[in-house]
Protein chains: 2
Amino acid sequence: MTRVRMALFTSLDGYTPADPTPTPENPMGEDWGRLTAAYAATRTFRAKIFGDTSGAGTTGVDDRYAAAFFDGIGAEIMGAGMFGLHTFPDDPDWKGWWGDTPPFGTPVYVLTHSAPRPSIPMDGGTTFHFRDAAIEDVLAEATEAAGGLDVRIGGGYRTAREFLRAGLVDDLHLMVAPIFLGRGNRLWDDLRGFDLTHTVTTEVAESGEIHVTLTRRDDR
Amino acid sequence: MTRVRMALFTSLDGYTPADPTPTPENPMGEDWGRLTAAYAATRTFRAKIFGDTSGAGTTGVDDRYAAAFFDGIGAEIMGAGMFGLHTFPDDPDWKGWWGDTPPFGTPVYVLTHSAPRPSIPMDGGTTFHFRDAAIEDVLAEATEAAGGLDVRIGGGYRTAREFLRAGLVDDLHLMVAPIFLGRGNRLWDDLRGFDLTHTVTTEVAESGEIHVTLTRRDDR
């Protein structure tokens, strides 16, 4: 049965960097580098995102979680900002900043309130679809498209918190970097009571990164 | 050389329970039970706080940190609330709720703005002193009394945050329970930039408790 999965980065003090004004050169903003360092160092990330097939990268606990992040996903939902729609909003040929072969390999549903635009098939099995609809409806469509595999909710922060607040996330993976950002969006505000419906596990990687998983209990 | 040490409990979402109205029956309030469960289950806690010499209690990672918490302390500083001064403020014979043999075994400096009261020597080496002075001055006195051992800053929350904000804490041990309280005082607000002056380590215990240590770097 399809599960709705999400992975999020946060600092120890519970911040995700405030949405930057994204540019192709620096799509994620300044604090993201510190926050995602352990993930970006993994062999899986280097292979999936950069196409680095040399085998370089860490192979420990961080990599195990990174690999699981890509495993069994049949469809993805993301915000317009994560796709890159806001960068060149008036350019109908702009295909986002994920390159010619995006790392998804599945249908990707981009939530947007801008004018309808046609779907974009990409190399490697990714097709971007643009939807201006309630998240429940888009989730239903993505679930159908996933064909029994899981649906992953990507970023950004606003999309993530919408799904969290609606109680739609079955499996949440928090990557907690051992740093104090002291600024940004407060992730924890959206997680009140999560441990009442979800089982919590904690594990620390060789890098010092804290991995927290929340898995919806079956007794709902 | 004396170091200033502090241990704090927090939930994953960065809360310590708001100060309750303490009573002898329930001095710490309702959320504290969930927050301190892993610590209270340790063999060290049971022996030190309850005098349980049966050897019962957990002996893993949580207990290793609990034992270190008592190791090498030469003096303690705590707020009036942690001593219990607010419970019977007008009773000069009230000796706090730590029992006849408090678990400190050192001089304990209680910060208070109430009327001066004489020091209280207790069984087991603890002597309670009451001070209405700047925290820097009380720390200087405690450091002198510690005779080369370390000074521990106890609770409550207001006392802890005063020392944190003043930058006086050399070694901070955070016990992060894998729960989401969703209410209380926000601990993280006082820890901005701590990872710039202190080295961070992270470790997860068998209980799921996350132990975070922050150790002031020598290159200051």
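How many residue pairs are in polar contact across the interface of chain A and chain B? The rule finds ten, with both residues at pLDDT 80 or more; a polar contact is a pair of N or O atoms within 3.5 Å, where within protein one must be able to donate a hydrogen and the other to accept it, and residues adjacent in sequence count only if both atoms are side-chain atoms.

Before you click around: this is a predicted model, where local features need pLDDT of at least 70, side-chain atom pairs count only at pLDDT 80 or more, and totals for chains, interfaces and linings use all residues. Residues are numbered from 1 along each chain as its sequence is written, chains are lettered from A and ligands numbered from 1 in the order in which they are written, and side-chain values use heavy atoms, with hydrogens and water left out.

**Stop 1: the interface**

Select the A side that touches chain B. Helix H8 (194-197), strand E10 (198-204) and strand E11 (210-216) of chain A each supply at least two residues, with E10(A) giving the most, four. (Helices, H or I, at least four residues, and strands, E, at least two, are DSSP runs numbered from the N terminus.)

Now show both sides: 24 residues of chain A are in contact (heavy atoms within 4.5 Å) with 24 residues of chain B. Next, colour A:Phe180, A:Trp188 and A:Thr202, which lose the most area to chain B on the A side, together 31% of what that side buries. Buried area here is the accessible area (1.4 Å probe) that two parts lose on being put together, summed over both.

Then zoom to A:Arg34 and B:Asp195, whose side chains meet in a salt bridge at 3.0 Å, N to O. The cut-off is a side-chain nitrogen of Lys or Arg within 4 Å of a carboxyl oxygen of Asp or Glu, and the rule finds two such bridges across this interface.

**Stop 2: strand E8 of chain B**

Select residues 171-177 of chain B. Seven of the seven are buried (under 20% relative accessible area, 1.4 Å probe), so E8(B) is largely enclosed by the rest of the structure. B:Asp171, B:His173, B:Met175 and B:Ala177 point one way, and B:Leu172, B:Leu174 and B:Val176 the other.

Strand E1 (residues 4-11) of chain B pairs with E8(B) in the parallel sense over seven bridges; pairing takes at least two DSSP bridges. Strand E11 (residues 210-216) of chain B pairs with E8(B) in the antiparallel sense over six bridges, and B:His173 stands opposite B:Thr213 there.

**Stop 3: a cis peptide**

Finish at A:Gly155 to A:Gly156, a cis bond with omega near 0 degrees.

How values were computed:
Buried < 20%, exposed > 50% of the residue type's maximum accessible area, 1.4 Å probe, protein only.
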